[in-house]
Amino acid sequence: MNKDYNLTYIMGITLVATLGGLLFGYDTAVISGAEKGLEGFFLQATDFQYNKILHGITSSSALIGCVIGGAVSGLFASRFGRRNSLRFSSIMFFLSALGSFYPEFLFFPYGEPSWGLLIAFNFYRIIGGIGIGLASAIVPMYIAEIAPSSIRGTLVSCNQFAIIFGMLVVYFVNYMILGDHTNPIIDKSPEGILSVNAASDPWTIATGWRYMFASGAYVAALFGILLFFVPKTPRYLVLTGQIPEALTVLTKVNGATKAKEILAEIEAASKEKTEKLFAYGVAVVVIGILLSVFQQAIGINAVLYYSPRIFESAGAGDGMMQTVIMGVVNIVFTVIAILTVDKFGRKPLLIIGSIGMAVGAFAVALCDNFGLKGIVPVVSIIVYAAFFMMSWGPICWVLISEIFPNTIRGKAVAIAVAFQWIFNYIVSSTFPPLYDFSPMVAYGLYGIMCVLAAVFVWTRVPETKGKTLEDMNKLWRK
């Protein structure tokens, strides 16, 4: 195994790239702290009745952009390059943060909720979602195409660490912004109509959620600036005929001797660059899609997006503080995945994680069924999230970035990521009404999906530990 790589240079590149992952986590999880204030704000509209279905759609609207960004990521990565695509995503992040903070810009009076303002707010969230969708597909691809095969799993997993760290940061930022203020109290009439209780904190409804969304603009600007200091990936450079430039990057990463050997492998694989999506059979594409589908169908984002509300419903008291604690636990378990993915392999971690998540989800469902509140359901939710973070969180992205042959990777990754965001949206937008109907049904369903995910990985997913990206061509040729 080659260890003559320039670790300092690789880690510098990875650190910049994973800022895209941090923004991914930040922008998707910011809604967890803002959604109650946002709900209170739009419940005050006089030209339409805001309800749980609209709130589910609004809270998840960024995911519509994620589907779009994921779907076009292959086209962007191939036509404009991995690095330029990430630059574009940073612009989308920045515009979304400012637009979500001030959706009234140019067209609406400040602080007056209306149907038109709701559409404008969702538009800005969708713009951010496009940035997330692009980053979610291209950051792992970028890192995988730079990294030596012996540490590729670890480095790509660093992106998941950045995602979870971004979530932890925004949980803490939301907590600090909320400060001594409180989330609004939402009343429900016998007819099912929602309204804001008169005792609710007006600052949270009018202003708090705005600051939460605006905070992401600083990270987006930093990401965009730092992307001017990293190289294009050698595989993209070869595919676009820039062989000397590719050799330069490979030499900086692997040393002169190993660089020539890797370049020869990349050039050999790139000669088949016109292959169609199913040139290696249907199985590889379907497996990639199902990895994405199961990562979302197991329900994790229902917890990540609505955690304060869930913890308060479970009897945790301060839901925002419990969310911060969960974020810290998630970081620890993500580190476990990073340290073990290249030692134990991808499949064992996915199977163990699926079983652990199933136990946590079924425990939450049983607690709701028997009316048990307090420490047991809270710990069960944290266990459920923790096992995701040491398995499906990072490992799914590792597999998606490496399982596809070079000659179809851009298109195949785009399709897999698009499916991921489609199912993310389905799960996240249906969670509020489903949870309102029955938490037991919601978490029982997620537990069943965790069991099915374990069976799928055990029976269908190949192990990719230690294989080069060029080895994927040979694996699927068989």
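User: How many salt bridges does the count come to in this structure?

Analyst: The count comes to four salt bridges, where a salt bridge is a side-chain nitrogen of Lys or Arg within 4 Å of a carboxyl oxygen of Asp or Glu. This is a predicted model, in which local features need pLDDT of at least 70 and side-chain atom pairs count only at pLDDT 80 or more, while totals for chains, interfaces and linings use all residues. Residues are numbered from 1 along each chain as its sequence is written, and side-chain values use heavy atoms, with hydrogens and water left out.

User: Which side chain does R125 meet in a salt bridge, and where do the two residues lie?

Analyst: R125 and D27 meet through their side chains at 3.6 Å, N to O. The pair links distant parts of the chain, with R125 in helix α5 and D27 in helix α1 (residues 7–42), 98 residues apart. Helices here are DSSP runs (H or I, at least four residues; strands are E, at least two), numbered from the N terminus.

User: Are R125 and D27 buried or exposed?

Analyst: The general idea is a set of cut-offs on relative accessible area: buried means under 20%, exposed over 50%, and partly exposed in between, with a 1.4 Å probe and protein chains only. R125 is buried because its relative accessible area is 1%, and D27 is buried too, with a value of 8%.

User: Which other pairs can I look at in this way, and what are their N to O distances?

Analyst: One is R82 with E145, whose side chains meet in a salt bridge at 2.7 Å, N to O. R82 sits in helix α4 and E145 in helix α5, so that pair links distant parts of the chain, 63 residues apart. R82 is buried at a relative accessible area of 6%, and E145 counts as buried at 2%. Another is R210 with E104, at 2.6 Å, N to O. Because R210 lies in helix α7 (residues 202–214) and E104 in the loop between α4 and α5, this pair ties together parts that are 106 residues apart in sequence. R210 is buried at 1%, and E104 is buried at 0%.

User: Which residues form a nonpolar patch on the surface?

Analyst: A patch is made of residues with over 30% relative accessible area and no salt bridge, with like charges joined within 9 Å and nonpolar side chains (Val, Leu, Ile, Met, Phe, Trp, Tyr) within 5 Å. In this model Y102, F105, L106, F107 and Y110 form such a nonpolar patch, with about 610 Å² of accessible area together; accessible areas come from the Shrake-Rupley method with a 1.4 Å probe, and for residues only the protein chains shown count as cover. F105 lies in the loop between α4 (82–101) and α5 (115–146) and is partly exposed, with a relative accessible area of 42%. L106 lies in the loop between α4 and α5 and counts as exposed at 68%. L106 also has a positive phi of about 75° although it is not a glycine.

User: How many cavities are there, and what lines the largest cavity?

Analyst: Rolling a probe the size of a water molecule over the atoms shows where empty space is left. On a 1 Å grid over the protein atoms alone, a cavity is a set of points where a 1.4 Å probe fits but cannot get out, and lining residues have an atom within 4 Å of a point. Grid points are joined across faces, edges and corners, and a volume is the space filled by probe spheres set on the points. The count comes to three cavities of 30 Å³ or more, and the largest cavity has a volume of about 140 Å³. Of the 17 residues that line the largest cavity, F24, Q296, N301, F388 and W397 are the closest to its centre. Helices α6 (152–178), α12 (282–297), α13 (300–313), α17 (392–402) and α18 (409–437) each supply at least two residues of that lining.

User: How do the residues of that lining divide into nonpolar, polar and charged?

Analyst: Ala, Val, Leu, Ile, Met, Phe, Trp, Tyr, Cys and Pro count as nonpolar, Asp, Glu, Lys and Arg as charged, and the others, Gly among them, as polar. The lining of the largest cavity has ten nonpolar residues, seven polar and no charged.

Technical notes
1 Å grid on protein atoms, 1.4 Å probe; cavity = no way out; pocket = protein on both sides within 12 Å on 5 of 7 lines; lining within 4 Å.
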